[in-house]
Amino acid sequence: MDSATSDARTPARVPLGASADNGLKIVVVGGFGVGKTTMVRSVSEIRPLNTEETMTQAGEAVDDISEVRGKTATTVAFDFGRISLDARNVLYLFGAPGQERFWFLWDRLFSGTLGAVVLVDTRRIDDSWYAIDRLEHHGTPFIVACNDFGGPRHSPEAVREALDLDPRVPLVFCDARSRESGKQVLIALVEHLQARYAAQPRQEFV
């Protein structure tokens, strides 16, 4: 989903406060054309850095665009956005490229990541398996967010079954074009991370 976001943009440059010293990293991953760039763009308080390039006819032999016919550009490295949580904490958002030929970049993007959002297009749910597999391999906490592309809406139970999703992993539905919807996805991830941290046994020091 690469259409314009539904919310008005904030100024292109929002200065980072001098007191902000705690950077928190979150990665948005998923298959080709599921709306990762759109989500980063919609929630970022700054004009996001992106590495989108125009798709050419030559690329059709490499990337399967049969299910994303309206897509005209694609991310070739990563997207980057920023959200200031408070005076000292800043959230950095990285959107990973979805094409298989760029998957080698994912392991580097996962380094130092607090958690991840797996963005899913339920019309092409098989494209989400690799992202979930890599996050589980790295031990990175994540949630799954189903992006609304219109059409029939699948039940949470059906999506969970199709993804063979661990019952402890939160599943939410969203519209990546909407800033408010994107923020709710990030809130769900933060709450999941807080719950995981609270459930960990406390280490006692003598």
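The following conversation walks through a predicted model of a protein chain.

Visitor: What am I looking at, and how many helices and strands does the protein chain have?
Guide: This is a predicted model. The secondary structure of the protein chain comes to five helices and eight strands. Along the sequence, these elements follow the pattern β-α-β-β-β-β-α-β-α-β-α-β-α.

Visitor: How much of the chain is buried?
Guide: Of the 206 residues in the protein chain, 46% are buried. The chain exposes about 11,300 Å², and carbon and sulfur atoms supply 52% of that area.

Visitor: And the contacts, what share of them links residues 24 or more positions apart?
Guide: Among contacts with a separation of 6 or more, residues 24 or more positions apart account for 75%.

Visitor: Let us turn to the sheet. In what order do the strands come?
Guide: Six strands form an open sheet in the order β4-β5-β1-β6-β7-β8, and the pairing is mixed. The edge strands are β4 (79-84) and β8 (171-174), each of which pairs on one side only. From one strand to the next, the twist averages 25°.

Visitor: What holds strands together in general?
Guide: Strands of a sheet pair through backbone hydrogen bonds, in either a parallel or an antiparallel sense.

Visitor: So which is it for β4 and β5, parallel or antiparallel?
Guide: β4 and β5 pair in the antiparallel sense, over six bridges. A hairpin of four residues joins β4 to β5. Within this pair, Ser84 stands opposite Val90 in β5.

Visitor: What about β7, which strands does it pair with, and in what sense?
Guide: β6 and β7 run parallel and are joined by five bridges. In that pair, Val120 stands opposite Cys146 in β7. β7 and β8 also pair in the parallel sense, over four bridges. There, Asn147 stands opposite Cys174 in β8.

Visitor: How many of the residues of β7 are buried?
Guide: Six of the six residues of β7 are buried. In a regular strand, the side chains alternate between the two faces of the sheet. In β7, both faces are covered: Phe142, Val144 and Cys146 are buried on one side, and Ile143, Ala145 and Asn147 are buried on the other.

Visitor: Which helix packs against the buried strand, then? Start with α3: what do its buried residues touch?
Guide: The buried residues of α3 pack against β1 (22-30), α2 (106-110), β6 (115-120), β7 (142-147) and α4 (156-163). In helix α3, which covers residues 129-138, the buried residues are Ala131, Ile132, Arg134 and Leu135. They lie on the same side of α3, because they cover an arc of only 165° around the axis.

Visitor: Now α4. Is Ala162 there buried or partly exposed?
Guide: Ala162 is found in helix α4. Ala162 counts as partly exposed because its relative accessibility is 32%. Apart from neighbours within four places in sequence, Ala162 is in contact with Ile125 and Trp129. The C-alpha atoms of Ala162 and Thr122 are separated by 9.4 Å, and these two residues are 40 residues apart along the chain.

Visitor: One more residue, please. Where does Ser44 lie?
Guide: Ser44 lies in the loop between α1 (36-43) and β2 (52-54). Ser44 counts as buried, because its relative accessibility is 0%.

Visitor: How far is the side chain of Ser44 from the backbone nitrogen of Arg82?
Guide: A polar atom of the Ser44 side chain lies 3.1 Å from the backbone nitrogen of Arg82.

Methods: Residues numbered from 1 in each chain as written. Predicted model: local features only at pLDDT ≥ 70, side-chain atom pairs only at ≥ 80, totals over all residues. Heavy atoms only, no water. Helix = DSSP H or I, 4+ residues; strand = E, 2+ residues; numbered from the N terminus. Buried < 20%, exposed > 50% of the residue type's maximum accessible area, 1.4 Å probe, protein only. Polar contact = N/O pair within 3.5 Å; in protein donor to acceptor, adjacent residues only side chain to side chain. Arc of directions from axis to C-beta. Contact = heavy atoms within 4.5 Å. Areas by Shrake-Rupley, 256 points an atom, 1.4 Å probe, with all protein chains shown as cover. Pairing = 2+ DSSP bridges. Axes fitted to C-alpha atoms, helices over the stretch in contact; angles between N-to-C directions.
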